[in-house]
Amino acid sequence: MTDASRRTAVPDLSALEARARTARPPAGDEGLVVCDNLVRVYRTEEVEVQALQGLDLLVAEGECVALVGASGSGKSTLLSILSGLDLPTAGRARVAGHDLLAMGRRERLGYRRHTVGFVWQQTGRNLLPYLTALENVTLPMKYARVPRRARGAKAAELLAVLGVAHCRDRLPAALSGGEQQRVAVAVATANSPRVLLADEPTGELDTASGEAVFAALRRANEELGATVLVVTHDPLVSEQVRRTVRIRDGRTSTETLREQGGAGEEFTVLDRAGRLQLPGEYVERYGLRGRVRLTAEPDHVGVWPDGPGAEGGGG
Ligand SMILES: Nc1ncnc2c1ncn2[C@@H]1O[C@H](COP(=O)(O)OP(=O)(O)OP(=O)(O)O)[C@@H](O)[C@H]1O
């Protein structure tokens, strides 16, 4: 088969682009967390910051996903939106059937109480300093009107599952940073949320404490059934989860999928409109600037630098 005939045997690029634009996953197979072209613009009097610039993300129920990316790439902004604390400027965000852009006050309160749990990086932000570990864990259940006896039993069980039963009657000030974060995971999972969000939960900890906190997040995922999204700069965390999503300039750019104990395979994310971000390393290596030439091959798409003799010069 000649190169030319090979090229005509596959759909041309505009057909592929049109197909990607209209592609929608079948109803009911959407994933527990769905972000579609999510935009968040912060406006102050002097500046406008586009923290999220059309971010797409699909997370299935039961996954444990690490979100990584350079400082300022939009990770915390995404987590704030998913937690129901912040509102996106445009796009679509659904979590467990809740439309995060359209929720009223009551639904938002219920969402934050029952559907999502949150662990912050700063240990002091997660726990009330004047309550013991056990009391901290029972508090969200009190707001959710769980009967008193059931609250105590569930809180004690959670602390045991997360390896901090010995901390139950101590105030946060009498706990190590790692213990405080594990108690924070217990607080965040007290009302059995479908989704547990954690923003750099091991960021302030030494390696051993970080490992213990990550083990607690894993337990929340594997034993308590929460879908976990964890923002992290910690390779210890990102290398131990099956799926790591990299955010670059307010968009999901690459994903690494890893089989247990194995090396990861990196994928680039294609959004629903057919757009993708080439890794900076490839852009540099092949001198890709401004316009590039695309070729539709039978089993792949080639990207070529524009310019004389470009095709065949490396793509
Ligand atoms: N309240 C705000 N007002 C204005 N700009 C903001 C606000 N919050 C975040 N930003 C900006 O939005 C962009 C994304 O910030 P974000 O905190 O989401 O990034 P990040 O990836 O979590 O960074 P880091 O890893 O440093 O925590 C940054 O440029 C930041 O300065």
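Buried residues make up 34% of the 315 residues in this chain. Buried here means that 20 or more other C-beta atoms lie within 10 Å of a residue's own; exposed means 12 or fewer, partly exposed is in between, and C-beta atoms are placed from the backbone. What you see is a predicted model, in which local features need pLDDT of at least 70 and side-chain atom pairs count only at pLDDT 80 or more, while totals for chains, interfaces and linings use all residues. Residues are numbered from 1 along each chain as its sequence is written.

Next, confidence. pLDDT is the predictor's confidence in each residue, from 0 to 100. The chain has a mean pLDDT of 85, with 87% of its residues at 70 or more. For the complex, the predictor gives an ipTM of 0.96 and a pTM of 0.82.

The secondary structure comes to 11 helices and 13 strands. These are DSSP runs numbered from the N terminus, helices being H or I with at least four residues and strands being E with at least two. Over residues 1-10, pLDDT stays under 50, and the model has seven contacts beyond four places in sequence for them. Residues 23-28 also stay under 50, with two such contacts. A contact means that the C-beta atoms of two residues, placed from the backbone, lie within 7 Å.

On to the core. How many residues does the largest nonpolar core have? It has 63, and Val137, Leu159 and Val183 have the most contacts inside it. Helix H8, residues 177-189, gives the most to this core, with six residues. A nonpolar core is a set of buried Ala, Val, Leu, Ile, Met, Phe, Trp, Tyr and Cys residues joined through C-beta atoms within 7 Å. Leaving aside neighbours within four places in sequence, Val137 is in contact with residues including Ala155, Leu158, Leu159 and Val183.

Leu171 lies in the loop between helix H7, residues 148-161, and H8. Is Leu171 buried or partly exposed? Leu171 is partly exposed, because 16 other C-beta atoms lie within 10 Å. Beyond its neighbours within four places in sequence, Leu171 is in contact with Pro129 and Thr132. Its C-alpha atom is separated by 13 Å from that of Ala184, 13 residues apart along the chain.

Now the ligand. Its shell includes Tyr42, Val49, Gly69, Lys75 and Thr77; a residue counts as near if its C-beta atom, placed from the backbone, lies within 6 Å. Strand E2, 48-59, and helix H3, 75-82, each supply at least two residues of that shell. H3 gives the most, with three. By class, the shell has three nonpolar, seven polar and one charged residues. Ala, Val, Leu, Ile, Met, Phe, Trp, Tyr, Cys and Pro count as nonpolar, Asp, Glu, Lys and Arg as charged, and the others, Gly among them, as polar.

Last, some strands. Two strands pair if DSSP finds at least two bridges between them. Strand E3, residues 64-68, pairs with strand E9, residues 243-248, in the parallel sense over four bridges. Val68 has Arg246 in E9 as its bridge partner. E9 also pairs with strand E10, residues 251-258, in the antiparallel sense over six bridges. There, Thr244 has Thr256 as its bridge partner. E9 and E10 form a hairpin with two residues between them, and Asp249 in the turn has a positive phi of about 50 degrees.
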